[in-house]
Amino acid sequence: MKRAFSGVQPSGVLHLGNYLGAIRRFTDFQDEYDCYFCIVDLHAITVYQDPKELPKQIDDTALYYLASGLDPEKVTMFVQSDVPCHAELSWMLECVSTFGELSRMTQFKDKSKGKESFSSGLFTYPVLMAADILLYDADVVPVGEDQKQHVELCRNIAERFNSRYGETFKVPEAVIPEFGARLKSLQDPLKKMSKSDPNPLGYISLSDSKDEIANKVRRAVTDSGREIVYSPEDKPAIANLITIYSLCTGLGFTEIEQRFAGKGYADFKKELADVVIETITPIQEKYAEYAGSGMLSSTLKEGAERANQVSSQVLKRAKQRMGLSLLADPTERKLL
Ligand code: AQP
């Protein structure tokens, strides 16, 4: 079986972009791939996280994985900081990546822009992501478009390591959907929908109530004119809303345009709110069931054990190739 790896940061409540652009698609892989889906808490701490809130955010992310249909019998679901190989390989890969290539990462530029100070972890974030992927010999990495550049960097690092030290890592490929790979903010269609957006009107969170969803959709910015047509260049705000409608209903853009021909933005937004609510409500119901079931900690513990077994073999291989000491064999480590 080929392998798939992906991760989500527990940096806040997940939004519709995380779900439609990534997590919902994870379920498409679980029958045909050996899947490793991680909750990347070490990535989340590249910006400050309140230590009292982070454990809840980690559990929440895992519960949304389950509520979205990921089956722990089929996929290995685990928390990154429970598997020490990630941080270790990350350091080794930092030593084969360059300051110049990390400086070119657009996510780093966006997140550090205008800040006087930011963590060095924010800068080396993509190297940790490369370690995450390479530790599982992943063939594919299902992600949204914002992560494409990071997967490209991961491929470059893997190829460089292989040519310098001998064949060690599988070189993975990003799998990015044709539509919905970058849902935009409801308040600024030129910015991506993001959970760290200070304006909550910009994103629909998976925990929003029906009223909150209806309100956010009603207040979403629109473009000039009144036609519901998919034209990302001329009408970026409406194109974003049509994309959301399409992903929630499965209808194509032309069908949506025909459905709303002669109608205005208010009618469209009302129906859009309904279809988003229909998409999110079943996830919220499943979330509540899983939260009450008490199965989360055993799922994450079993996941960490499996992840540890696989990743420690790959870490050992990489340490051998680099000539590092193997007195403390990573494959012999035990979890608490
Ligand atoms: N707006 C988006 N549209 C489609 N996909 C998206 N993803 C993120 N935003 C969108 C995809 O969701 C997965 C998990 O993302 P992440 O948790 O690693 O965080 P991120 O990419 O940095 O995005 P966020 O949610 O905006 O988090 P913050 O604000 O904390 O940075 C990834 O596959 C991502 O592509």
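**A lysine over a ring, and what surrounds it**

Lys216 lies over the face of Tyr203, at 5.0 Å from the ring centre. A charge is taken to sit over a ring if NZ of Lys or CZ of Arg is within 6 Å of the ring centre and within 35 degrees of the ring normal. This is a predicted model, in which local features need pLDDT of at least 70 and side-chain atom pairs count only at pLDDT 80 or more, while totals for chains, interfaces and linings use all residues. Residues are numbered from 1 along each chain as its sequence is written, and side-chain values use heavy atoms, with hydrogens and water left out.

On to the domains. The chain's domain assignment, with bounds from an automatic or database source, gives domain 1 (3-176 + 295-332) and domain 2 (200-291). Taken over C-alpha atoms, the centres of domain 1 and domain 2 are separated by 30 Å. Their contact (heavy atoms within 4.5 Å) takes 14 residues from domain 1 and 16 residues from domain 2.

Aromatic rings come next. Rings of Phe, Tyr and Trp (its six-membered ring) pair if their centres lie within 6.5 Å, and planes under 30 degrees apart count as stacked, over 60 as edge-to-face and the rest as tilted. By this rule the count comes to 17 aromatic pairs. One of them joins Phe26 and Phe37, which are stacked, with 4.2 Å centre to centre and 5° between the planes. Phe26 lies in helix H1 (residues 16-29) and Phe37 in strand E2 (residues 33-39), so the pair ties together parts that are 11 residues apart in sequence. Helices (H or I, at least four residues) and strands (E, at least two) are DSSP runs, numbered from the N terminus. Phe26 is buried at a relative accessible area of 0%, and Phe37 is buried too, with 0%. Here buried means under 20% relative accessible area, exposed over 50%, and partly exposed in between (1.4 Å probe, protein chains only).

Phe26 also pairs with Tyr65, this time edge-to-face, at 6.0 Å centre to centre and 75° between the planes. With Phe26 in helix H1 and Tyr65 in helix H3 (residues 54-67), the pair ties together parts that are 39 residues apart in sequence. Tyr65 is buried, again with a relative accessible area of 0%. Elsewhere, Phe5, Tyr36, Phe78 and Tyr136 form one aromatic cluster.

In H10, 12 of the 14 residues are buried, so the helix is largely enclosed by the rest of the structure. Its buried residues, including Leu241, Tyr245 and Cys248, pack against H1, helix H11 (253-259) and helix H12 (265-293). After H10 comes Gly250, with a positive phi near 85°.

Helix H8 (residues 148-165) has 18 residues and reaches 26 Å from its first C-alpha to its last, close to the 26 Å expected. Among its buried residues are His150, Cys154 and Phe161. Gly166 follows H8, and its phi is positive, near 100°.

Finally, the cysteines. The structure holds zero disulfides, a disulfide being a pair of cysteine sulfur atoms within 2.5 Å. For Cys85, the nearest cysteine sulfur is that of Cys38, 12 Å away. For Cys154, the nearest is again that of Cys38, 14 Å away. Cys85 counts as buried at 0% relative accessibility, and Cys154 is buried with a relative accessible area of 0%.

Definitions and conventions: The expected span of a helix is 1.5 Å times one less than its number of residues.
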